[in-house]
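Hi there,

Here is the structure I promised to pass on to you. Have a look at it first, and then read my notes below.

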Amino acid sequence: MAVSRVAVFGGTFDPFHLGHLAVAEQAREGILAGETWIVPAGIPPHRGPVEAGAADRLDMCRAAIGERPGLRALDLEVRRTGPAFTADTMRDLSTAHPGVGLWVVLGADAARQIGEWHDAKRLLAGYHFVLVNRSGETPIRHEEAIRLGFHPERTRVLSIDSPDVSATEIRRRVRAGESLNGLVSPAVADLIAERGLYR
């Protein structure tokens, strides 16, 4: 089924947790998109080394999504040999899917760093954005977003109802042998255990 509007949600997803899932689903609903495309970074340019490999992180995204309608995990950045820049990913998606309205999903913290991103001017000029406020982050407001360079008519700010989950806490719990209940989906917890991730 063809979709006319898509939310594009990129990130390290080390691992993909229930907070990410809430963002993916509620961002899609908030902008009335047909789908959210989840794009795990192969080599994230804005943070230190990841703990799980790209293939494992992609598999965790796919495990979390399961059969949920309207969500897809793409291997676009995982297949890259160099850093995964959002501007390049959006260019590639635009070329591959002409006529689809692409909205970049960003958390408040990421939105505040947009000026430091590779080719930020091209990214800001070419796409719509949905900026999400979720638990654990200082909320961003529309006025602040405009000051940061987001176009007022192509930017929407959403408050997401999500659990206050951090990937750092999940990795700590795995190392400590503690439960991941309420933090990741059961399928992701199983995959982490089966592959011995984050030990």
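To sort residues by type, Ala, Val, Leu, Ile, Met, Phe, Trp, Tyr, Cys and Pro count as nonpolar, Asp, Glu, Lys and Arg as charged, and the others, Gly among them, as polar. The lining of the largest pocket holds 21 nonpolar, 15 polar and 8 charged residues. (On a 1 Å grid over the protein atoms alone, a pocket is an open set of points where a 1.4 Å probe fits, with protein on both sides within 12 Å along at least five of seven lines; lining residues have an atom within 4 Å of a point.)

Please keep in mind that this is a predicted model: local features need pLDDT of at least 70, side-chain atom pairs count only at pLDDT 80 or more, and totals for chains, interfaces and linings use all residues. Residues are numbered from 1 along each chain as its sequence is written, and side-chain values use heavy atoms, without hydrogens and water.

Now the sheet. Strands here are DSSP runs of E with at least two residues, numbered from the N terminus, and two strands pair if DSSP finds at least two bridges between them. Six of them form an open sheet with parallel pairing, in the order β3-β2-β1-β4-β5-β6. At the edges are β3 (71–73) and β6 (155–159), each pairing on one side only.

What does β1 pair with? It runs parallel to β2 (residues 35–40), joined by 6 bridges, and parallel to β4, joined by 5 bridges. Phe9 stands opposite Ile38 in β2, while Arg5 has Gly101 in β4 as its bridge partner.

Enjoy exploring!

Conventions
Helix = DSSP H or I, 4+ residues; strand = E, 2+ residues; numbered from the N terminus.
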